[in-house]
Structure formats: C-alpha cells, structure tokens
Amino acid sequence: NTFSLSGETISVLAKGIGEGTERIELAKKAYHALLSSDFRERDLVDALLAHYAAEAGLHPQAVDFCIRGAEKLESAIRLTEALSLYRLALPLVADKDSERSTHLLSRIIHLLDQLGDRDSFLEYSKLLESAIRDQDQGQYATLLLQLARHYSSFDEFERSLELTKQALNIPSSHLSVDEKALAFQSLSYIYLRTGRATEAIEAAKNSLRVWAVTKRKDKMKDALRNLAGAYYLEGDYVNALRFIRNSSKCDKPSRGKLPSSTFSTNIGILYMESGDLSTAGRALQRGLQQAQQSKRLLSILESKANLCLYHQYCGNLRTSASYYFEIIEPAVLNGYRHVLHAAQLSHAENLARCGQLEPALQLLESAKTGLRLLKNEASLYWGELQTGLVLFHVGDYRESLGHLMKLSSSLANRCYRFQESLCQLGIVSNLIELGELSDCAER
C-alpha cells in the first residue's frame, strides 16, 4: 500500500521529536537513518529528509531535497504539497545564492498562479521583482516575461504591460530572439484580455514574424491562439477558426505533460459560433476535463465560463445558470475579473430569456462597471449591446433606440463587425415599433 502526508503533517512530525539541542541531534539521526534506508515512496522520503535536514540545521541539504521532492510532486500534480516544500526551502538558501532564491521564487509564483492564490502571489511577486534586479542581463528579460505572464493571470494587466514593455526596451544585444518573440506574444495576450483586438492582432503577428526567423514552428502556438482570439473578438470567425487550427498543428505535446485546455475551449467556442453545437459541446467538455486534471483554477473557471455561454446559446438555461453560480465566488475571491464579467454577461442573457428583465439590466450594469475598470473594450461593447436589446424587450423603445444609436457611433470606426450588425438590427426593430419606417428603410 502507498500513502502520502501533507507538507504540514511532515513538518509536525519533524518538529515533534524533542526540544533544543536534543531535537537537533534527533533530527540529524532521523535524517541519516532515512538517507540510508530504501523506501518505495520517494516523494514522501524527500519531503521528510527536507524537513529533518532543516530542523538539524543542514540547510544546503534541506534545500536540495526540497527542490527534488517539489519537482516530483509537481509532475504528479500535487501542487499544494510541492508549494509547501518550495516555501520551506526559500529562507534556507544562502544569502549570496541569488540564483537559487530566484529559481525558488519563480516556482512558488508559478504554483500560486496554478492554485489561484492571489494574495500570496502579490506578496511573493514583490520578492521576485526585487530579486530580478540582481540578475545578470542574460536572465533578466526571461524573468520579467514570466512575471508579466503571471500578473496577467490575475488581471493585473497594467503591471503586466509595464513589465512586458521593460523587456522589449532591453537593448537587442541583451535580448535573445526567443525573448523578443515571447515579449510580443505577452503583449498580444494582454491586449486580447483587455479587449483591444486590433492591437492584439498586430502584436501576435509581430511575435509570429520573430518566431519565423528561428524556424521554430512549435513555439508559435500561443501567438496563433492569441491571433485567433483577437479575430473572434472582431466577429471574424472564419479567420479565428483557421488560426486556432494552425495552432494545433504547432502544438507537440511533451511526454508526461498534460494537454492544455486552451485549445479545446477555444475551438469549442468557434464551433459553437459556426453552428456545430454537438462538436462544440464535446470540445468544451473535454477542455473542462483537461483543466481539472491540471488543477489550474483559472483554466477551470474559464472552461466553466465558456460552458455557461455554450448552454445559454443552446437554450439550456438551467445548466448555464448552474455553471454561472459555480464561477462567481472563486472568481471574486481570487480576482479573476475577466472571467466574472464574461459569466455575468452570459447569465444576464439567461435572465432576459426567462423574462427577468430588471434583474438582467442590473447584472449588466454591474458587469459593465467592472469592464470599464478593466478597460475591456470588446466585452464592454457586448454589454452595451445587450443592454440596448433588453431595453427593447422591456418596451422602452425610445430609450433602447438612443442607447443603440450611441453604440453604433462608437462601433462605426472600430472593427467589431458582428456586434455592429446586431446593433443595426436592434435599431431597425426599435424604429419599426416606433413607426419610423422611413428611417428604418435607410438602415
């Protein structure tokens, strides 16, 4: 039989072996006894060795076993236990060993991102930013971009953008081709998440141009997915589907590495918009399963938000609502505002279809307030469009018309063709109800 103990339990065992000098001596004996023993469950032994070495004052050995044990736990998707070992190791690293401290901080932040622990992430990210300043130019850009990516996960887009631009401003003599491509890729992701489709397309294409120089097609998948996402925002589903399929061709899964849920969820939504609902449903459900296997909270919530939209699209309003209520609490607690507001827009449509028009308008106002703070242009346009259409169903045709006319002016010089088409149809519906048929004919 196999068994495992949490990091907290192991810590209690290690600390419960005596007091003062006696405890240090007992810890040393336990450490050397374990070191010479043959245990089948090496993950557990590494964790015990790490804790006993720490108690015995054998800090270099403790750090080595922490890192080795944590890496094994990460590969087994035992993220909380891996995190506890990295955290144990950090204060034990020698003061002059900044490279190892930076490595530990980067792993801690990665796992906090995976687990969705926003408060701890913000605490450790400050430590990593301070450590980055002491790094040589060879690692500086890579670390900046890693940190930028994690800030984006928690919707800290302004800070993510600052760090990405810092990386791009590094002299070319100290910025590798790969780092330049990743910087543009990071930029496209930030613009995509903040609903700036045109800028996202430009940055993604810049990334692809740089990757093309390296002839590393396997590295292009994320830039291609960002490009597909930006075309989706614009309502250009043909191009979006083309680029998401191209990203799949570049994605070579590594042995032992779980497949990312991103491709399944993205292509599922595009199949939905193309009318292939059965294929869309299978892809989206597969994406949720992959996200759950990875235990990455953000990926799980994004998958559920897409399923909320999908079931609303299919008319399964009860199922859509159940996904919405699964999303809202963890999204609020962990600061995933873009997920929260996307789910709010979907659920507002559920409410409107059930005839609950006032609650729908209230939820839309809440979502739009948040989207303004995020400066998410594309999603805000959707919220304004939904508001205008709900006002139509309320019977306030004049208010609805004014709202949609204002939105139409905003969309006129933008690239959101699908939203603009729906807006025009909404204007026509209001004009018909108001009997203004001459204006309607002009539309």
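Which residue follows helix 6, and is its phi positive or negative?

Modeller: The residue that follows helix 6 is Gly-116, and its phi is positive, near 75 degrees. Before the helix itself is described, some background is needed. This is a predicted model, in which local features need pLDDT of at least 70 and side-chain atom pairs count only at pLDDT 80 or more, while totals for chains, interfaces and linings use all residues. Residues are numbered from 1 along each chain as its sequence is written, and side-chain values use heavy atoms, with hydrogens and water left out.

The pLDDT (the predictor's confidence in each residue, from 0 to 100) has a mean of 88 over the protein, and 90% of the residues reach 70 or more. Over residues 1-10, however, the pLDDT is below 50, and this stretch has 18 contacts in the model beyond near neighbours in sequence. A contact here means heavy atoms within 4.5 Å.

The protein has 23 helices and zero strands; these are DSSP runs numbered from the N terminus (helices H or I, at least four residues; strands E, at least two). Of the 443 residues, 51% are buried, where buried means under 20% relative accessible area, exposed over 50% and partly exposed in between, with a 1.4 Å probe and protein chains only. Among contacts between residues at least 6 apart in sequence, 59% join residues at least 24 apart.

Helix 6 covers residues 98-115. At 1.5 Å a residue, its 18 residues should span 26 Å, and the end C-alpha atoms are 26 Å apart, which agrees. The expected span is 1.5 Å times one less than the number of residues.

The buried residues in helix 6 include Ser-101, Thr-102, Leu-104 and Leu-105. Further along, Ser-106, Ile-108, Ile-109, Leu-111, Leu-112, Asp-113 and Gln-114 are also buried.

Gln-114 deserves a separate look. This residue lies in helix 6, and Gln-114 counts as buried because its relative accessible area is 14%. Leaving aside residues up to four places away in sequence, Gln-114 touches Leu-79, Ser-294, Lys-295, Arg-296 and Leu-297. To return to the opening question, the residue after helix 6 is Gly-116, with its positive phi.
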